[in-house]
Amino acid sequence: MHTVRRFSSFLLISGLLASSCAAHAQERDKAVLAWRGEQPVRAKHGMVVSVHHLASDAGLNILREGGNAVDSAVATAFALAVVHPIAGNLGGGGFLLLRTHDGKSTFIEFREKAPLAATETMYQDAKGNIIPDASTLGYRSIATPGSVAGLAYAERTYGKLGLKRVIAPAIKLASDGFALTAEEANELTESDLARFPESRSLFQRDGKFYRAGEVFKQPQLARTLERIAADPDDFYHGKMAQELVADLSKGGSLITRDDLAQYSVVERKPIIGEYRDYTIISAPPPSSGGIVLVSALNILERFDLAQMKDRSAPWIHFITEAFRRAYMDRAEYLGDPDFNRIPTAELISKDYAAAWSKSIEPDRASPSAALKRPAGFLPLAPSTAGTRQKESPDTTHLSVVDAEGNAVALTTTLNDSFGSHVTAGSLGFLLNDEMDDFTSKLGTPNMYGLIQGPANAIAPGKRPLSAMTPTIVLEDGKLRYVLGSPGGGRIITTVANIFLSATAGKLNIQEAVDAPRFHHQYLPDKLYLEPGVDSRVQDELRDMGHTLDLGDGHWSNGECIAIDPKTGELLAGHDHRSSYGSAAGY
Ligand code: DON
């Protein structure tokens, strides 16, 4: 059996790359991606797709050694923590969606939590103004990390090979190092990293920046990974916890031993929706991903997209109007389910979507400011911050399918590129700035321009609302797609773009991943377009009353798999917006 793989043929040239976050969108290239006619990578037995070829290879080797999709996904994620420090992580959190070959699905949630000492207005000054950068940069932006607990839990519960074996490739990559490409070396020069001495020392050699071709070794991280392999619990309850808190409290982080000790992973029921012949299995709260995706698709079911040309003005218009409405509900209703009663069934009901769809005009944009939610379907949106309910119960995505047909969609995040930019010096890894995903102040947008409601206010031990949307799609009950992406608030529309292009748009999975994206999030009332949307289509959209924003270059990074319904062959769509990712299959 030979390995199939392919690196991106498309090279991005300038600035920070598409794997990083919307916050850096302006810095990205404006080049147009060639996407029509691009073909997916094919494999018969197993496939791993991620933003870094060394991580995809690590996952592929684990599959070849007899590991299942969870073993492989966990190995890939730990490898990304080494080779993709901009987003891969030990100091962040994430979601792992698993569907096993016998048809069961589960969602492993290891979202970061606000420290116990956090308060609703902690990022506001005495006058109630937002303190610049406070929730996005530095020690006070860090939320209690969940990645180590989540990956260890997934491996222990659903893996076959055990943590030691699946972490081994990451340890090797950290101790032997790997040669940096020009793009990776450039990423490590980020100026905010230099503001934190440990980050400056580790990633920038105290100002003697790494150059293309140089080998980047991370001995502290290798040692930390060895310790996690030996006892992951030590990260939350033992010596490692003590060292982490000592490192972080030096800089004023609120995270204590109690925060780490109380951290727990939760298995939740995925959101399940039906769209035409497809079953959508996706992320439940504390992600907004599944609810927003399914409610947008429910609205779109009322329109015959298959009769429209992919990326034509009507195609973009109808999908945008569905996004606008689903994001309006996101802003008002969604937050940590342990702190809010979320009307999930109502939000994803077909009747509600049908009522929403009636307000869409075929050739006219609906101004967001005038949008009225159909009456009689939802309870009143919360107007104050939720309190804990009684016990009811920069980001990167990878997709894996194994030879048995088990599938994993795994998205993990540091939030911004390099997260808070703070490195736990002795342990050698970066910490998230996930606190910015909360509502720092009502009516004020976060780093992704998302305006969010009281349901997502900061509270001790609460999880910030996420947009991460790891998604698995079935067609007539059989595994058909594994989808996901980074991209901040644009993740959900990225997954929707890819899914709709691959189905109604009849593109192959590679074309669907590469095709220019469009995004609308209710507020600001703008239709964001990636480069590559035909200028006549842009004119038609303007004529319909859409306010276009073309200034953000490329965003997101879809790493997806399709299964050929006739042959069962695995087809990978690796995002050509990034130059060092790959699909690796056998
Ligand atoms: O959980 C979320 O929605 C964000 N923290 C994701 C951030 C992200 O995708 C940034 N990378 N592009």
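Between domain 1 and domain 2 about 4100 Å² of area is buried, and carbon and sulfur atoms give 64% of that figure. The model is a predicted one, and its domain assignment gives domain 1 as residues 4-267 + 398-435 and domain 2 as residues 271-364 + 381-390 + 469-576. The size of an interface is often expressed as the accessible area that is lost when the parts come together.

**The interface of the two domains**

- In domain 1, the residues that lose the most area to domain 2 are Trp 35, Leu 97 and Arg 99, which together make up 16% of what that side buries.
- The C-alpha centres of domain 1 and domain 2 lie 25 Å apart, and 50 residues of domain 1 are in contact with 49 residues of domain 2.
- Across this interface one salt bridge is found, and there are also seven residue pairs in polar contact, with both residues at pLDDT 80 or more.
- The side chains of Arg 42 and Glu 569 meet in a salt bridge, with a distance of 3.0 Å from N to O.

**The side of domain 1 that touches domain 2**

- At least two residues of this side are supplied by each of strand 2 (41-43), strand 3 (47-50), strand 4 (93-99), strand 5, strand 11 (396-401) and strand 12 (407-413).
- Strand 12 provides five residues, the largest share of the side of domain 1 that touches domain 2.
- Sorted by residue class, this side of domain 1 consists of 25 nonpolar, 13 polar and twelve charged residues.

**Thr 106 in strand 5**

- Thr 106 lies in strand 5, which covers residues 105-110, and Thr 106 counts as buried because its relative accessibility is 11%, whereas the cut-off for buried is under 20%.
- The side chain of Thr 106 makes a polar contact with the side chain of Glu 267, at 2.6 Å.
- When neighbours within four places in sequence are left aside, the residues in contact with Thr 106 are Leu 96, Leu 97, Leu 98, Tyr 158, Glu 267, Arg 268 and Pro 270.

**Helix 9 and what covers it**

- Helix 9 spans residues 239-249, and its buried residues include Met 240, Ala 241, Glu 243, Leu 244, Val 245, Asp 247 and Leu 248.
- The elements that cover the buried residues of helix 9 include helix 7 (219-230), helix 8 (234-237) and helix 10 (257-262), together with strand 13 (423-424) and strand 14 (429-430).
- An α-helix has 3.6 residues a turn, so residues that are three or four places apart point the same way.

Methods. Residues are numbered from 1 along each chain as its sequence is written. This is a predicted model: local features need pLDDT of at least 70, side-chain atom pairs count only at pLDDT 80 or more; totals for chains, interfaces and linings use all residues. Side-chain values use heavy atoms; hydrogens and water are left out. Helices (H or I, at least four residues) and strands (E, at least two) are DSSP runs, numbered from the N terminus. Buried means under 20% relative accessible area, exposed over 50%, partly exposed in between (1.4 Å probe, protein chains only). A polar contact is a pair of N or O atoms within 3.5 Å; within protein, one must be able to donate a hydrogen and the other to accept it, and residues adjacent in sequence count only if both atoms are side-chain atoms. Contact means heavy atoms within 4.5 Å. Domain bounds come from an automatic or database domain assignment. Buried area is the accessible area (1.4 Å probe) that two parts lose on being put together, summed over both. A salt bridge is a side-chain nitrogen of Lys or Arg within 4 Å of a carboxyl oxygen of Asp or Glu. Ala, Val, Leu, Ile, Met, Phe, Trp, Tyr, Cys and Pro count as nonpolar, Asp, Glu, Lys and Arg as charged, and the others, Gly among them, as polar.
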